[in-house]
Amino acid sequence: MKLVGPEAYKLVKAEVGFRITNLDGTNRLSQIATSTMPKIYIVSLGEWPVYVGATKQRLRTRIGMKPAEGSGYYGYTFQDDGTGLMLHVWAHADAEDRNHLDVETVEAELVFLIRQAGQWPLFQTEIHFHPSAEIHRNVAQQIFGTYSRSETVR
């Protein structure tokens, strides 16, 4: 399982959903963010994950989605506490036929690691559970290791 990233962006509340901006304030997103390959994305506040997601959609589409009545999707509930919402994204570069099972499995393992560090991610609303293998747990541990453990658990 080959992941590329992370790429970092800022999230800004928009009229519908959130707007993604580059760290330099521009609206340019990378090929990873605009691709339809499977991705893991993490929203963080103060360097601590508050939401973990997996998608094959382009990130602008996913993050800016408007809740559709009866769809089961209610929109993202994360809020900026003044420390700034950050978005980090990793793409599964060698996914066969854009299969997202591996990234969903890593998503669950990441959420589990965050829980073990103190509490469920503050704005987590769902997790996709699949049987995991050592590779999924190792990738999740690598990603989790990029976040500050000294942060007060929220």
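User: How many helices and strands are in the protein chain?
Analyst: This predicted model has four helices and five strands in the protein chain.

User: In what order do the elements run?
Analyst: Starting at the N terminus, the order is β-β-α-β-β-α-β-α-α.

User: What about the sheet: in which order do the strands lie?
Analyst: The five strands make an open sheet ordered β2-β1-β5-β3-β4, with antiparallel pairing. Strands β2 and β4 stand at the edges with a single partner strand each, so one side of each has no neighbour in the sheet. From one strand to the next, the twist averages 30 degrees.

User: Which helix packs on that sheet?
Analyst: Helix α3, residues 101-116, packs on the sheet and touches β3, β4 and β5. The direction of α3 makes about 165 degrees with that of β4.

User: Changing topic: which residues of the largest nonpolar core touch the most other members?
Analyst: That core has 21 residues, and those touching the most other members are Leu11, Ile20, Tyr41, Val43, Ile63, Phe78 and Leu87. At least two residues of this core come from each of β1, β2, α1 (31-34), β3, β4 (48-55), α2 (59-63) and β5 (85-92).

User: Which element gives the most to it?
Analyst: Strand β5 gives the most to this core, with four residues. There is also a second, separate core of 17 residues, which includes Ala54, Val139, Ala140 and Phe144.

User: Tyr41 was in your list. What does Tyr41 touch?
Analyst: Setting aside residues up to four places away in sequence, Tyr41 touches Tyr51, Val52, Gly53, Ala54, Thr55, Leu59, Arg62, Ile63, Tyr76, Leu87, His88 and Val89.

User: Why does Tyr41 count as buried?
Analyst: Tyr41 counts as buried because its relative accessibility is 0%, and the cut-off for burial is under 20%.

User: How many aromatic pairs does a search of the whole structure find?
Analyst: The search finds five aromatic pairs. One joins Tyr41 and Tyr51, with ring centres 6.1 Å apart and planes at 35 degrees, so this pair is tilted. Tyr41 lies in strand β3 and Tyr51 in strand β4, 10 residues apart, so the pair links distant parts of the chain. Tyr51 is also buried, at 4% relative accessibility.

User: What is the geometry of Trp48 and Phe144?
Analyst: Trp48 and Phe144 form an edge-to-face aromatic pair, 5.9 Å centre to centre with 75 degrees between the planes. This pair links distant parts of the chain as well, with Trp48 in strand β4 and Phe144 in helix α4 (residues 134-144), 96 residues apart.

User: Are those two residues buried or exposed?
Analyst: Trp48 is buried, with a relative accessible area of 4%, and Phe144 counts as buried at 6% relative accessibility.

User: Which residues form the aromatic cluster?
Analyst: Phe18, Tyr41, Tyr51, Phe78 and Phe123 form one aromatic cluster.

User: Finally, the whole chain: what share of its residues is buried?
Analyst: Buried residues make up 43% of the 154 residues in the protein chain. The chain exposes about 8,300 Å², of which carbon and sulfur atoms supply 49%.

User: And what share of the contacts joins residues at least 24 apart?
Analyst: Among contacts between residues at least 6 apart in sequence, 70% join residues at least 24 apart.

Terms used:
Residues numbered from 1 in each chain as written. Predicted model: local features only at pLDDT ≥ 70, side-chain atom pairs only at ≥ 80, totals over all residues. Heavy atoms only, no water. Buried < 20%, exposed > 50% of the residue type's maximum accessible area, 1.4 Å probe, protein only. Contact = heavy atoms within 4.5 Å. Areas by Shrake-Rupley, 256 points an atom, 1.4 Å probe, with all protein chains shown as cover. Core = buried A, V, L, I, M, F, W, Y, C linked by side-chain atoms within 4.5 Å. Pairing = 2+ DSSP bridges. Axes fitted to C-alpha atoms, helices over the stretch in contact; angles between N-to-C directions. Phe/Tyr/Trp six-rings, centres within 6.5 Å; stacked < 30°, edge-to-face > 60°.
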